Amino acid sequence: MTPSLTDQAIRFLVERGFPMIPSRGDNKSPCVAWKVFQTKLPTVEQLREWEKKFRPARWGLVTGRLS
């Protein structure tokens with residue numbers, strides 16, 4: 001079975017160390033508190049949980065030390 005586009009994106013970004021968070025609407029507001037992800041990566045499990053919970057319109061990359 002071929003992984004979904006979301007699963008492929010999650011794997012790509014996590015493997016490369018990009019801290020991504022779910023975002024909603026045209027104003028790009030985050031669905032979760034984002035500051036903590038300036039210094040730590042979300043886990044694959046968190047990303048998948050957020051995908052199910054929020055069905056985000058887009059994913060954002062948190063800038064900071066990690067990115």
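Visitor: Where is K28 placed?

Guide: K28 sits in the loop between β1 and β2; strands are DSSP runs of E with at least two residues, helices runs of H or I with at least four, numbered from the N terminus. This is a predicted model, where local features need pLDDT of at least 70, side-chain atom pairs count only at pLDDT 80 or more, and totals for chains, interfaces and linings use all residues. Residues are numbered from 1 along each chain as its sequence is written, and side-chain values use heavy atoms, leaving out hydrogens and water.

Visitor: Why is K28 called exposed?

Guide: Exposed means over 50% relative accessible area, buried under 20%, and partly exposed in between, with a 1.4 Å probe and protein chains only. K28 has 57%, so K28 is exposed.

Visitor: What is K28 in contact with, leaving aside neighbours within four places in sequence?

Guide: K28 is in contact with S23 and R58, contact meaning heavy atoms within 4.5 Å.

Visitor: How do you know that β1 and β2 pair?

Guide: Two strands pair if DSSP finds at least two bridges between them. Here 2 bridges join β1 to β2, so these antiparallel strands pair. R24 stands opposite S29 in β2.

Visitor: What makes β2 and β3 edge strands?

Guide: The open sheet has the order β2-β1-β3. β2 (29-30) and β3 (58-61) each have a single partner strand, so one side of each is left without a neighbour in the sheet.
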